[in-house]
Amino acid sequence: MPESFLHKNTSVNERSFTSEKRMKLYRNIRTLYTPFGRTAVRGHAMNAIQSVHHAAILVRDDGTIEFAGSENLSPAPLLDKERGIGNGKKSEQDIERIDCRGLVALPGFVDSHTHCVFAGERSLEFVLRAEGRSYREIAAMGGGIRKSVQQVRTATLEEIISYSRPFVQRALQFGTTTMEIKSGYGLSTNEEAKLLEAAKQLGGETPMEIVRTFLGAHAIPHDVPQASYVTEIVEHQLPALHTNAEFCDVFMDEGYFTRDETLRICSAATTLGMKIRLHADELAETRGAETAVDLGAFSADHLLKVSDKGIRALASSKRTVATLLPITALSLRAPYAPARALVEAGCAVAIATDCNPGSAMSENMQLVVSLAVIGMQMTPTEALTAATLNGAAALDRAESHGSLERNKVADFVLYDIPRLEYLSYHIASSDVVSVIKRGTIVAGETL
């Protein structure tokens, strides 16, 4: 076990613990499971999950982890002694001890691909797919992304927030503590701004940590020539909105944006200081994975149709994470992305919900973990890494999120499960007891 996973064998006096706020010790954890590291984990190393029985997590007053490991090695008693606490003495600086009742602790999920701000459902399209209609056929009938665009354009900011809030809240209850949210249902500067503002406000009014992505290049408005719309994105939308989002994404696929258009949009975005993500090889193999790697994108997402060459490109990249969205494949009745081939090739793989009103109406990362194991033949340990640390890497947050180790944010979830494997085994349900964000219980039971 890496030395840094446990508390280092140094005196407590080597650190200052003079804050007036109280630290928190989450103790009596039956087993703590976590990936380990500050970068994406690749290939078979995704199975390297640390497990500690009779564990504890000591959280600093700033919401970061001081210690995560065996309770017997916790520095909390030394801290009490240093502060003159004990033998009946009390202090406002005392460590708050929280009994986790023998529950299992896992890192909070990092859902690194969602479209979780929108203004209406599209359940009739769900029926059309059941009747055999394809994604592109439904789009040609006036459904798909353009249907959601119509709904957003007729909704106020407040209505979008009100409609989207329950999805964010339920995601939190299912164990997600960090969520990426894309725009993309506006397709104009003002409407994309409205969606990004909705995502910002949801992050402010809920405990969910939200990372915003600009996706003006999600589809082509029905009344605008494609070339003109690409120019609008580059010359108007990006200059106006680049400070409203951390990432820029493009739906590079057959019937949507070409490789050349994608390169043009992403070049403009990076010039403005934005990071890149890419919808890649979902509907057809269009060299999306290779393009993501060429662009230095943080993730290439979907990959249902990725080629062997695309897999090799992803395996060679030191940055680009292959983000797989199994709920979308399930909903579209499409073959799952080749997770096994990606792992065997040495790629960094993440999994996410793709929560959206058309092809993935679910905010449940626990279901994603089950589908990763059942449908994509990932191991439960690979799936945990993909849903946490590698999801954080896809959002450029592996340094601070995605695992339970010293100096990372204290985002974790307590489950009433016997072991890690039970998480994917118990399908389409939830065994979450409490969700902790930055050291504070924000959903589920108060311990």
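## Terms and model

Buried here means under 20% relative accessible area, exposed means over 50%, and partly exposed is in between, with a 1.4 Å probe and protein chains only. With that scale, Asn407 is partly exposed at a relative accessible area of 43%.

This is a predicted model, in which local features need pLDDT of at least 70 and side-chain atom pairs count only at pLDDT 80 or more, while totals for chains, interfaces and linings use all residues. Residues are numbered from 1 along each chain as its sequence is written, and side-chain values use heavy atoms, leaving out hydrogens and water.

Asn407 sits in the loop between helix H15 (389-394) and strand S14 (412-415); helices (H or I, at least four residues) and strands (E, at least two) are DSSP runs numbered from the N terminus. Although Asn407 is not a glycine, its phi is positive, at about 80°.

Asn407 is also one of the residues touched by Thr64, alongside Leu58, Val59, Lys408, Val409 and Ala410, not counting residues up to four places away in sequence. Contact means heavy atoms within 4.5 Å. Thr64 belongs to the loop between strand S2 (50-59) and strand S3 (65-70), and counts as buried at 11% relative accessibility. Its side chain makes a polar contact of 2.6 Å with that of Asp62. A polar contact is a pair of N or O atoms within 3.5 Å; within protein, one must be able to donate a hydrogen and the other to accept it, and residues adjacent in sequence count only if both atoms are side-chain atoms.

## His302 and Asp354

His302 is found in strand S11 (residues 299-302) and is buried, with a relative accessible area of 3%. Leaving aside neighbours within four places in sequence, its contacts include His113, His279, Glu282, Thr323 and Asp354. The side chains of His302 and Glu282 are joined by a polar contact of 3.4 Å. Thr323 is 21 residues from His302 along the chain, with 6.3 Å between their C-alpha atoms.

Asp354 lies in the loop between strand S13 (349-351) and helix H13 (365-374). Asp354 counts as buried at 1% relative accessibility, and its phi is positive, near 60°, in a residue other than glycine.

## Helix H5 and the cores

The 17 residues of helix H5 (residues 157-173) should span 24 Å at 1.5 Å a residue, and its end C-alpha atoms are 24 Å apart, which agrees; the expected span is 1.5 Å times one less than the number of residues. H5 bends by about 35° at Ser164, with Pro166 following within four residues. The bend is the angle between axes fitted to the seven residues ending at a residue and the seven starting there. Among the buried residues of H5 are Leu157, Ile160, Ser164 and Phe167.

In the largest nonpolar core, of 111 residues, Phe257, Ile265 and Ile351 touch the most other members. H5 gives the most to this core, with seven residues. A nonpolar core is a set of buried Ala, Val, Leu, Ile, Met, Phe, Trp, Tyr and Cys residues joined through side-chain atoms within 4.5 Å. A second, separate core of 19 residues includes Ala68, Leu414, Val433 and Ile436.

## Cysteines

A search of the whole structure finds zero disulfides, a disulfide being a pair of cysteine sulfur atoms within 2.5 Å. The sulfur of Cys347 is too far for a bond, because the closest cysteine sulfur, in Cys266, is 20 Å away.
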